[in-house]
Number of protein chains: 2
Amino acid sequence: MIAVDAMGGDYAPQEIVAGALAAQREHGIAVTLSGPPARLRPVLLALGAQGELRVVPAEDIVGMDEGALASWRRPRSSIAVACQLVRRGQAAAVVSAGSTGGIVATARLRLRSLPGVPRPGLAVVLPTYPKPTVLIDAGATADPKPEMLVQFGQLGVAYAQIALGAAAPRVGLLTIGAEPGKGNMLTRRAHELLAAEPQHGALPLSFAGNLEGGDLMTGAVDVIVTDGFTGNVALKTLEGSMRFAAGELRSALTGTRTARVGTMLQRRGLRALNQRLDAETYGGAALLGLGGTVVIAHGASTARAVSSACVLAANLARGEITDKIRERLGTAGERPARHFLRRDR
Amino acid sequence: MIAVDAMGGDYAPQEIVAGALAAQREHGIAVTLSGPPARLRPVLLALGAQGELRVVPAEDIVGMDEGALASWRRPRSSIAVACQLVRRGQAAAVVSAGSTGGIVATARLRLRSLPGVPRPGLAVVLPTYPKPTVLIDAGATADPKPEMLVQFGQLGVAYAQIALGAAAPRVGLLTIGAEPGKGNMLTRRAHELLAAEPQHGALPLSFAGNLEGGDLMTGAVDVIVTDGFTGNVALKTLEGSMRFAAGELRSALTGTRTARVGTMLQRRGLRALNQRLDAETYGGAALLGLGGTVVIAHGASTARAVSSACVLAANLARGEITDKIRERLGTAGERPARHFLRRDR
């Protein structure tokens with residue numbers, strides 16, 4: 001069972017509900033929606049799906065422009081209720097297209113932390129060739145300690161194995177300068193820890209050393225580890241420069257009449273290129289390191305993107321990524337940590 | 001007079017000497033070369049330029065793979081000697097295509113710091129439309145204090161005014177999330193300082209607020225301020241994704257015979273695109289905040305790139321960027337700071 005936050009995203013609830021329905025109908029993934037029943041019922045009706053998806057009432061909504069604070073103010077928001085379903089064991093994972101800041105804060109508050117992972121990491125898949133690359137953390141933890149980068153490496157390896165089928169994922173550290181002594185204070189220390197023997201019974205990482213920003217798209221490793229600040233800047237820079245290149249290309253290709261004829265002759269190749277660069281097919285970012293996985297779809301997600309996110313969430317749940325992470329960290333026997341501010345109900 | 005490190009760069013000394021010569025012949029910029037006379041003489045001879053450029057002997061060389069430590073070990077390196085020429089007032093600025101790490105470390109050691117600027121910042125120009133954007137720091141100071149980001153803002157404004165002719169440059173802060181409270185500890189504090197009244201008689205900055213990685217190529221502001229770690233990752237990511245996009249484009253455009261015909265019809269447009277994305281025309285990165293400017297050309301610089309770097313260095317020197325920076329910081333009357341580890345000779 002996947003819990004879908006029906007009210008997160010620019011096109012909520014219509015596109016979210018349509019995507020969740022497609023995941024259930026076409027991929028056989030059982031879906032529960034969280035949101036205000038009075039608003040979801042007409043949407044389901046319009047889709048000819050009344051009674052087909054379970055709806056768990058959540059009357060409050062975290063807006064797309066709201067950040068971390070909203071998670072405190074809104075215990076009955078659709079994202080908070082979706083997280084509670086996972087917490088109570090009624091759902092295996094959450095899907096939301098809401099604001100990343102609000103989702104991360106809510107999930108940290110409503111889901112348990114895993115033992116040995118004080119902070120979660122956000123994993124995204126970069127469309128590299130011949131195989132995709134996992135970037136973690138893409139924005140969940142802005143000021144991690146060096147030890148947390150090692151934990152992110154373990155989360156990323158578990159993700160690469162389950163979601164991408166990588167057999168023995170290689171891990172690189174995003175920094176400046178390829179040599180071990182290069183970087184800032186955080187990455188110099190993290191390099192030492194990544195290169196050392198694993199601690200506390202954790203499984204060893206296959207550490208490939210330092211990477212630079214220019215290596216993000218080369219597919220040199222399977223998992224790229226970084227702090228949430230740098231990872232978010234790098235990811236947004238990547239997206240922005242792809243948009244820039246596409247814009248430049250468009251004006252270069254349509255600059256003269258001869259060029260326009262050329263473009264017509266190339267339509268098929270350009271369509272393939274667009275699909276390669278289309279993030280929607282990758283299903284969204286996965287928040288890892290909590291006692292339940294949250295897949296964060298893009299805010300502008302359409303039904304197709306939401307459906308992909310549900311497939312990713314189901315794959316991660318089916319692969320038992322949380323157990324895999326405990327195993328990698330050597331904490332399989334330990335009880336989940338309680339969040340210091342959260343009360344059980 | 002511009003001091004050119006004749007031995008830095010992948011194609012040193014041939015391309016460096018040729019570029020320096022072109023700057024002097026075609027742009028009327030007086031150039032001094034630093035390097036081993038026995039190696040430079042035959043190069044000048046082959047270019048038909050014996051006696052045309054002054055050569056200051058420097059027998060040692062900092063290799064392209066050497067980093068910061070080399071600056072301590074090699075006081076007679078070609079880059080150290082070029083910096084000494086500026087220090088002694090015999091040259092107005094330095095140009096080098098050597099390794100960035102080695103150049104920054106050498107310049108910090110051999111040139112005085114400016115009062116009020118404890119660490120230098122590396123400024124690069126991003127080819128945005130309709131006007132270019134300055135990114136600072138692109139890699140000189142990996143772990144700055146929040147106050148230093150404000151100083152980088154002042155350096156960037158001086159650079160935008162002199163090198164790019166910007167009248168009233170607007171400054172943005174690179175971070176994650178557009179709201180003031182977003183970011184990591186460094187950028188949250190830097191945001192407060194940038195938004196506050198300037199201190200110690202400094203000129204006010206026109207602060208436009210937070211920017212994200214996706215805004216780097218939109219030309220939204222004139223100067224983007226960041227720490228050297230994030231700036232370097234973002235710049236390399238930008239370059240890497242442009243290379244990726246170009247590679248994808250090439251395979252999309254040559255995938256089928258029809259597409260190849262299309263490409264022929266579009267050659268002119270694609271050539272214009274390549275030129276827009278060609279960093280060589282921008283002359284290189286400028287190390288600012290020291291008692292003398294160092295322009296760092298790309299390691300793979302050809303004669304054309306070295307010549308552009310000399311033009312940039314001459315423009316910055318002619319615009320008296322060092323005086324402009326002191327004026328902006330309100331330290332125009334103060335004496336240059338001595339480096340704590342440097343002895344005067």
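**Figure 1. Secondary structure and burial in chain A of the predicted model.** Chain A contains 12 helices and 11 strands, where helices (H or I, at least four residues) and strands (E, at least two) are DSSP runs numbered from the N terminus. Of the 345 residues in chain A, 57% are buried; a residue counts as buried if 20 or more other C-beta atoms lie within 10 Å of its own, as exposed if 12 or fewer do, and as partly exposed in between, with C-beta atoms placed from the backbone. Among the contacts in chain A with a separation of 6 or more, 72% are between residues 24 or more positions apart, a contact being two residues whose C-beta atoms, placed from the backbone, lie within 7 Å. This is a predicted model, in which local features need pLDDT of at least 70 and side-chain atom pairs count only at pLDDT 80 or more, whereas totals for chains, interfaces and linings use all residues. Residues are numbered from 1 along each chain as its sequence is written, and chains are lettered from A and ligands numbered from 1 in the order in which they are written.

**Figure 2. The open sheet of chain A.** The 11 strands of this open sheet follow the order β3-β2-β1-β4-β11-β10-β5-β6-β9-β7-β8 in chain A, with mixed pairing, two strands being paired if DSSP finds at least two bridges between them. Strands β3 (54-57) and β8 (206-211) of chain A stand at the edges with a single partner strand each, so one side of each has no neighbour in the sheet. Neighbouring strands are turned against each other by 25° on average, direction ignored. Helix α5 of chain A packs on the sheet, where α5(A) touches β4 (93-96), β10 and β11 (293-296) of chain A, and the direction of α5(A) makes about 175° with that of β11(A); axes are lines fitted to C-alpha atoms, for helices over the stretch in contact, and angles run from 0 to 180 degrees between N-to-C directions.

**Figure 3. Strand β6 of chain A and the strands around it.** In strand β6 (residues 133-136) of chain A, Thr133(A) and Leu135(A) point one way while Val134(A) and Ile136(A) point the other way, and all are buried. Strand β5 (residues 121-126) of chain A runs antiparallel to β6(A) and is joined to β6(A) by four bridges, and the two strands form a hairpin with six residues between them. Val124(A) has Leu135(A) as its bridge partner in β6(A), while the bridge partner of Leu135(A) in β9(A) is Ile224(A). The pairing of β6(A) with strand β9 (residues 223-225) of chain A is parallel and extends over three bridges. Strand β5(A) also pairs with strand β10 (residues 285-288) of chain A, in the antiparallel sense and over three bridges, with Ala123(A) opposite Ala286(A) in β10(A).

**Figure 4. The contact between the two domains of chain A.** Chain A is divided into domain 1 (1-117 + 289-345) and domain 2 (118-283), with bounds that come from an automatic or database domain assignment. The contact takes 25 residues from domain 1 of chain A and 22 residues from domain 2 of chain A. On the side of domain 1 that touches domain 2, α5 (100-110), α11 (303-318) and α12 of chain A each supply at least two residues, and α11(A) gives the most, with eight residues. The residues of that side of domain 1 divide into 12 nonpolar, nine polar and four charged, where Ala, Val, Leu, Ile, Met, Phe, Trp, Tyr, Cys and Pro count as nonpolar, Asp, Glu, Lys and Arg as charged, and the others, Gly among them, as polar.

**Figure 5. Glu327 in helix α12 of chain A.** Glu327(A) lies in helix α12 (residues 321-329) of chain A and is partly exposed, with 16 other C-beta atoms within 10 Å. The C-alpha atoms of Glu327(A) and Ser96(A), which are 231 residues apart along the chain, are separated by 27 Å.

**Figure 6. Helix α7 of chain B and what covers it.** The buried residues of helix α7 (residues 185-195) of chain B are Leu186(B), Thr187(B), Ala190(B), His191(B), Leu193(B) and Leu194(B). Seen down the axis of α7(B), these buried residues fall within an arc of 170°, so they line one face of the helix; the arc is that of the directions from the helix axis to the C-beta atoms. The face turned away from the buried side of α7(B) carries the exposed residues Met185(B), Glu192(B) and Ala195(B). Among the elements that cover the buried residues of α7(B) are α6, β7 and β8 of chain B.
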